[in-house]
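This briefing is for a reader meeting the structure for the first time. Please look over the sequence and the model before reading the points below.

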Amino acid sequence: MIALPALRDRKIAVLGLARSGLVAAQALRASGAQVLAWDDDAATCLAAAEKGVALTDLNAADPAGWAALVMSPGIPLTHPAPHPVAARALAAGVPVIGDIELLWQAGTGARFLGITGTNGKSTTTSLIGHILTQARHPVAIGGNLGTPVLSLPQLGADGTYVIEMSSYQLDLIAETRFAVAILLNVTPDHLERHGDMAGYVAAKTRIFRNQTAGDTAIIGVDDDWCRAVADELAQRPQPTQPSWPGLSRPSTSSRDTVLEGQRQLPDVDPRDKPGDDGNWVGGETTAAANVGATSRVIRISIERAVPGGIYVLDGQLIDDTDGHARPVADLGAIARLPGAHNWQNAAAAYAACRACGLDAATIVAGLVSFAGLAHRQELVATLGKVRFVNDSKATNADAAAKALGCYDAIHWIAGGVAKAGGIEPLRPFFPRIRHAYLIGTAAKQFQETLGSTVKSSLSGDLPTAVRAAANAASADPAEAPVVLLSPACASFDQYRNFEIRGDAFRQIVRDLVAEAAR
């Protein structure tokens, strides 16, 4: 657990105690802070109390005297409406932050490497962590990936914290500086929490806001939003920031902006509230100076060559950061990084690890040895010529499309609880599907959509579907047929979550492999 000695005897409120909030409360208490902890869910409060966390109903507490409010990212800060405790804290000038900010203020001296984007964050985070680990670099991985950052080991100046950052978590950083920051892509998501697309993009670009000269910004430029962010970031100076506690903010003249088309929009932060002296309330009165230094911007693409960047053409990863456009890896030959979306992840990971000082050969060796993430196009086994792929994380059509676009001769297992639109958006991939084995409550609906275009069976449950698909795939004349679990559905009609569904698929496949070996 991370020590937070600078917060000894400071009064810190913690709102939300399910995961990261619970660890934050425990770390603060262990560091000698005065902790006022609460969760609006009674059962969660009880569980936290059983682990030694003292409870204070923050809904009835006066925020005067709080050094900070540490809030779990799942709790609304601005939209659709701020949580009442957050609103009162902001009105009182109390900094509202998250656990990542606490990790930064721990002052370990380690490098922070942050990854955000609408899609691909988890794979890219895990991939970077794997490459750095293989290179024997001290590293700890956490954040939105699932591990609360304050439960990570305390690294020294030679270490790197590799942190997956959601837009919710980025809303809760203040002074955290990512020496290497990645924005993979942006498509509409979580708009109910950010107000509109401009608010969502503004949250994502907070990952760059504290960067200074010598830092690296890595941006995927295959969507309009990210291209605009890259262009703006390359042209403007970055502000420096004083340290929290005491949270001070730059004046309005140096606030960040993001682009919406050709229109600049303010990076709206509800905590940025100027005091009478023009400085930011909640802290000291020292205004941060805009020193005119910019981070290095590296553009990545899987669609086109980007001069001075890193890109993928016909599966070849090309490094043009020195102007020589050198092919460094054949990504098409790496079985556990299938598809263009994974090539974007690989390009970002390569760029990040180069920024950390690794050579190309070491990075490529890490790409090749990466085992992939569970439930995300996870290659479970190969039985004869048939590959079994667990993509249980694909709980909607958009996610399933990425997997369906990676393979031919697909024996597709789909179904569960359908999302709006069903599988109609997947129609362009129907020619790739040899047969669909349909399960769960969506089975009949999906069969109607597939119609006569794709042969299908109402398998009902996963064991029946897997065995039927395995038998058919083994008889398929194709060179490399695939049994693909990519349900395009939620799981809760038959399984509590997608992880349990994916684990069940994995076990069924292992049983098939064991039976074949007898």
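What follows covers a helix, the salt bridges, a sheet and a cavity.

The model is predicted. A search of the whole structure finds 14 salt bridges, and the structure holds three cavities of 30 Å³ or more. Helix 10 is largely enclosed by the rest of the structure, because 12 of its 16 residues are buried.

**Helix 10**

- Helix 10 covers residues 340-355, which makes 16 residues.
- From its first C-alpha to its last, helix 10 reaches 23 Å, close to the 22 Å expected at 1.5 Å a residue.
- The buried residues of helix 10 include Asn342, Trp343, Gln344 and Asn345.
- Also buried in helix 10 are Ala346, Ala347, Ala348, Ala349, Tyr350, Ala351, Ala352 and Cys353.
- Arg354, which lies in helix 10, counts as partly exposed at 34% relative accessibility.
- Gly357 follows helix 10 and has a positive phi, near 100°.

**A network of salt bridges**

- Asp319, Asp322, Arg326 and Arg354 are linked in a network of salt bridges.
- Within this group, the side chains of Asp319 and Arg354 meet in a salt bridge, at 3.9 Å from N to O.
- Asp319 lies in strand 16 (residues 316-319) and Arg354 in helix 10, so this pair ties together parts that are 35 residues apart in sequence.
- Asp319 is buried, with a relative accessible area of 0%, whereas Arg354 is partly exposed.
- The side chains of Asp322 and Arg326 also meet in a salt bridge, at 3.6 Å from N to O.
- Asp322 counts as partly exposed at 42% relative accessibility, and Arg326 is partly exposed with a relative accessible area of 32%.

**The salt bridge between Asp476 and Arg434**

- Asp476 forms a salt bridge with Arg434, and the closest N and O atoms are 3.0 Å apart.
- Asp476 lies in the loop between helix 14 (462-474) and strand 24 (482-485), while Arg434 lies in strand 22 (residues 433-439), so the pair ties together parts that are 42 residues apart in sequence.
- Asp476 is buried, with a relative accessible area of 5%.
- Arg434 counts as partly exposed, at 39% relative accessibility.

- Four strands form an open sheet in the order 2-1-3-4, and the pairing is parallel.
- Strand 2 (34-38) and strand 4 (96-97) are the edge strands, each pairing on one side only.
- Strand 3 (residues 68-71) runs parallel to strand 4, and two bridges join them.
- Leu69 stands opposite Val96, a residue of strand 4.

**The second largest cavity**

- Rolling a probe the size of a water molecule over the atoms shows where empty space is left.
- The second largest cavity holds about 40 Å³ of space.
- The residues that line the second largest cavity are Ala335, Gln377, Leu379, Arg387, Val389 and Tyr407.
- By class, the lining of the second largest cavity has four nonpolar residues, one polar residue and one charged residue.

How values were computed. Residues numbered from 1 in each chain as written. Predicted model: local features only at pLDDT ≥ 70, side-chain atom pairs only at ≥ 80, totals over all residues. Heavy atoms only, no water. 1 Å grid on protein atoms, 1.4 Å probe; cavity = no way out; pocket = protein on both sides within 12 Å on 5 of 7 lines; lining within 4 Å. Points joined across faces, edges and corners; volume = space filled by probe spheres on them. Nonpolar A, V, L, I, M, F, W, Y, C, P; charged D, E, K, R; others polar. Expected span 1.5 Å × (residues − 1). Buried < 20%, exposed > 50% of the residue type's maximum accessible area, 1.4 Å probe, protein only. Salt bridge = Lys/Arg side-chain N within 4 Å of Asp/Glu carboxyl O. Pairing = 2+ DSSP bridges.
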